[in-house]
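Please look over the sequence and the structure shown here before reading on. The paragraphs below lead through them step by step.

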Amino acid sequence: MLRILLAGMVLLNHIIRQGGVYEALSLNAISINYELCRVLEIFTICAVNCYGLITGYIYSKTPVRYTSVFLLWCKVALYCISITLLFKIFAPQYVQIQHYINMLFPVYRVQYWYISAYIPLFFILPYISHFVNTLTRAQMFKIAIIIIVLFPFLSTCFLKFKFFANGGHSPFWVLCLFILGTIIGKLDLNIRKRTAILAILFCVFATFALKMGIDSFYVWKGREIPLRTALIGDCAPLIVMQSIFIVMLAIRIDFKNKYLIWAFTFFAPLSFSVYIIHTHPLIFGHIFEGAFRFLANKDWYIMLPSMFGIVACIVFICCLIDYFFVELFFKLIRIRKIAEFVIYTFINNFKRIDAVRENDEEVLEPLDSVKYYSIKANKKRPPESQEESKQ
């Protein structure tokens, strides 16, 4: 459920900002529509933090599946190639040489900053879990306080620390979120739903009150009100606390209805495609940007349902595209078996290197596809010879 909610939160935040709603409302900053959009922005901006936290939390409980990273990279590459080719056919004036290069190297060229930070860091998740396992509960709390308070406070108050956190859009901050999510999983805190909800509301409205005070100061000084301040960002202390309580609340929610469970099970793995599709540079820059300015002219009781309806429609459409276009295509070419073979080969190469380092005289036979699939079919294959049993 949380992954579907986070996809909608990211989309809603982009509708408000890049969609042009804020820009249209900035002419009348002291209005109910502007303040409602401000509250929605504060609530939704923590979505990226929540993605990092749930990654650390999930893999603190379960083994790391490296095949998921390979499949994610394949999905991003497929979307980049498909969207670029579609623009080349229907809107060639927007496609430049750099788009072809980005299409072939989406992660290396940082088409999506979060994915470019996520994929390399994903490979160190087992070591993060091992590191956290060596800590006492008191040490875990200390590290959590450092991540929650110290880094966000320094990044918010001192510009020179932007180098480390970059407003939350950096591998360093994603690594901090992985560590914090792993600590949450290891501590296994028992927080009531009511407590988590009240804490989320406090963080949202405390941030809103601070922003209102800053806006009032700018109006009093006769200056233009800034749309974004250090108090509203991924690394802001209250936003970080809000992210933690949202994840803790999601952990405590347990659905009993079998239809809801089926819907969440079906749509959750597909929901990340919402981010991949709508933030593609060609879509984000030429279709999405400024497309929702008309919402600013509506009354608040029309604007809010319209926003939520648009978000729900886009999330649903993107999930269907991901299922019928990507998932079925991956099944057709059996990409999961390819991913398992690639990751299996990669990991076993490291194991053979470690074995050779421990015993230089030991010779390990190369791993081929025949041996891989025989191991896959027979988990415990009987040794064919004494030499193989030693290996």
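The model is predicted. Its protein chain averages a pLDDT of 80, and 80% of the residues score at least 70. Among the elements, the highest mean pLDDT, 92, belongs to helix α1, residues 2-16, and the lowest, 41, to helix α20, residues 386-390. Over residues 360-391 the pLDDT stays under 50, and for this stretch the model has 30 contacts beyond four places in sequence.

In secondary structure, the protein chain consists of 20 helices and zero strands. Of its 391 residues, 45% count as buried.

How are packed helices described? Helix α1 and helix α17, which covers residues 300-333, have axes that come within 10 Å and cross at roughly 125°. Because of this angle, α1 counts as oblique to α17. The crossing of the two is right-handed. On the α1 side, the contact is made by Gly 8, Leu 11, Leu 12, Ile 15 and Ile 16; α17 contributes Met 307, Phe 308, Ile 310, Val 311, Ile 314 and Val 315. By class, ten residues of this contact are nonpolar, one is polar and none is charged.

A second pair is formed by helix α4, residues 47-61, and helix α11, residues 171-187, which pack at an angle of about 45° with their axes 7 Å apart. This angle makes α4 oblique to α11. Here too the term is right-handed, for the crossing in which α4 passes α11. The residues of α4 that meet α11 include Val 48, Asn 49, Gly 52 and Leu 53, and among those of α11 are Trp 173, Leu 177, Phe 178 and Leu 180. The contact of α4 with α11 has eight nonpolar, eight polar and two charged residues.

The last stop is Ile 32, which lies in helix α3, residues 32-44. Is Ile 32 buried, partly exposed or exposed? Its relative accessibility is 48%, so Ile 32 counts as partly exposed. The C-alpha atom of Ile 32 is separated by 7.1 Å from that of Trp 300, although the two residues are 268 residues apart along the chain.

Note on methods: Residues are numbered from 1 along each chain as its sequence is written. This is a predicted model: local features need pLDDT of at least 70, side-chain atom pairs count only at pLDDT 80 or more; totals for chains, interfaces and linings use all residues. Side-chain values use heavy atoms; hydrogens and water are left out. pLDDT is the predictor's confidence in each residue, from 0 to 100. Helices (H or I, at least four residues) and strands (E, at least two) are DSSP runs, numbered from the N terminus. Contact means heavy atoms within 4.5 Å. Axes are lines fitted to C-alpha atoms, for helices over the stretch in contact, and angles run from 0 to 180 degrees between N-to-C directions. Angles under 35 degrees count as roughly parallel, over 145 as roughly antiparallel, 65 to 115 as roughly perpendicular and the rest as oblique. A crossing is left-handed if the near helix is turned anticlockwise from the far one by less than a right angle, and right-handed if clockwise. Ala, Val, Leu, Ile, Met, Phe, Trp, Tyr, Cys and Pro count as nonpolar, Asp, Glu, Lys and Arg as charged, and the others, Gly among them, as polar. Buried means under 20% relative accessible area, exposed over 50%, partly exposed in between (1.4 Å probe, protein chains only).
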